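Welcome! Take a look at the sequence and the 3D structure below, and then we will walk through some of its side chains together.

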Amino acid sequence: MATSANMPAPPGGAESRLQSLSDYYLRVRETTLELVATLQPEDTVVQTMPDVSPTKWHLAHTSWFFERFLLQPHAHNYDVFHDRYDYLFNSYYFTVGQMHRRPERGLLSRPTLSDICEYRAHVDEHMLRLLRGELSDELRFLVTLGLNHEQQHQELILTDIKHVFSCNPLQPALREDTIARGPAAAPMRWLTFKGGTIEAGTNGDGRFHFDNETPRHQVLLRDYQLADRPVTNGEFREFIRDGGYEQPDLWLSDGWSTVQNENWRHPLYWCRDLQTEFTLAGRREIDDDAPVCHLSYYEADAFARWADARLPTEFEWENAAPADVSGNLLDSGNLHPVPSAQREGLRQMYGDTWEWTASPYAPYPGFQ
């Protein structure tokens, strides 16, 4: 959510549309390489848990997507780069073949990072040839889908290498300059929103969207209130100091079991003294005014209950969110949440962090 960017249909005639799509393709692919430019080959192989994929695997998988769904079926006389990559770098597309087990991606010392970079260059060369030709609307959609898919993996590259580095006693940094200090957080205020029947989901206005954002449908809301900004590190520290992780009445039953079984006492990357946290810039002092991050759903829900509040529903959040998508996004250069200088209205609805809602991830009515 924080790193993806919707791409409207490029204006102008066929030539300008093709040029725009080519530029978009190059920009996204180059951004991926820029994110990993400071890594050493050894960094890109490590897998610290099943939910983390090695950086090298992300670089290959995003290239596999374009090779498998665009080049193989649509590029004239295309030869695959390596006949085993289809098995190694498939992720969960069972409809197109089998795949290497996810928890064992870190065992792949071969192909090397150098091999994967050659693979990316091979795919890019042939994709740019394809983009210079005449593209149907279906192909244009597939290219745009692939680029949004790669932008998702840019975020995964950062979250995964963060976990990898956090497990290293040296606590290395991806970049030293990934955190900016902002102003003090303004006191939290509650904003009231009217209920009624609202429209939720994409309205098909020509911008890219994933299929799980459809179909647009009606939802009935009661009047509700939203906090005007995310919860800060300082506020979450007060929850901890008030015994938040020690009071079973604050937690859903599964959450309380997890707290006990995993011995949770603070957010994932915080140290036990609650003063520093691990970031992509290494271990840093916790900024009390920045939005708290790396909370599980259980922790967010427990904090809300402690604060005599609740998590919003997906549809309350969507109804309140401003149409202007702006905030601490990837292009800001901050690879960590920072305080907002804004003082009016809803703040930090985009960028900085993912935000939990109380809604289950289920298909919209009429989804196919």
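Is F81 buried, exposed or partly exposed? F81 is partly exposed, with a relative accessible area of 28%; buried means under 20% relative accessible area, exposed over 50%, and partly exposed in between (1.4 Å probe, protein chains only).

This is a predicted model, where local features need pLDDT of at least 70, side-chain atom pairs count only at pLDDT 80 or more, and totals for chains, interfaces and linings use all residues. Residues are numbered from 1 along each chain as its sequence is written, and side-chain values use heavy atoms, with hydrogens and water left out.

**Aromatic rings**

- A search of the whole structure finds 29 aromatic pairs; rings of Phe, Tyr and Trp (its six-membered ring) pair if their centres lie within 6.5 Å, and planes under 30 degrees apart count as stacked, over 60 as edge-to-face and the rest as tilted.
- One of them joins F65 and Y93 edge-to-face, at 6.2 Å centre to centre and 70 degrees between the planes.
- F65 lies in helix α2 (residues 55-74) and Y93 in the loop between α3 (85-88) and α4 (113-132), so this pair ties together parts that are 28 residues apart in sequence. Helices here are DSSP runs (H or I, at least four residues), numbered from the N terminus.
- Both F65 and Y93 are buried.
- The rings of F81 and Y119 have centres 5.4 Å apart and planes at 35 degrees, so that pair is tilted.
- F81 sits in the loop between α2 and α3 and Y119 in helix α4, so the pair links parts 38 residues apart in sequence.
- Y119 counts as buried, at 0% relative accessibility.
- Ring pairs also link Y25, W64, F65, F66, F69, Y92 and Y93 into a cluster.

**Cysteines**

- The structure holds zero disulfides (a disulfide is a pair of cysteine sulfur atoms within 2.5 Å).
- For C167, the closest cysteine sulfur is that of C271, 16 Å away and too far for a bond.
- C167 is partly exposed, with a relative accessible area of 45%, and C117 is partly exposed too, at 37%.

**A buried glutamate**

- E155 lies in helix α5 (residues 137-166).
- E155 is buried yet has no salt bridge (a side-chain nitrogen of Lys or Arg within 4 Å of a carboxyl oxygen of Asp or Glu).
- The nearest side chain of opposite charge to E155 is K162, 11 Å away; Lys and Arg count as positive and Asp and Glu as negative, while His and the chain ends are not counted.

Key:
Helices (H or I, at least four residues) and strands (E, at least two) are DSSP runs, numbered from the N terminus.
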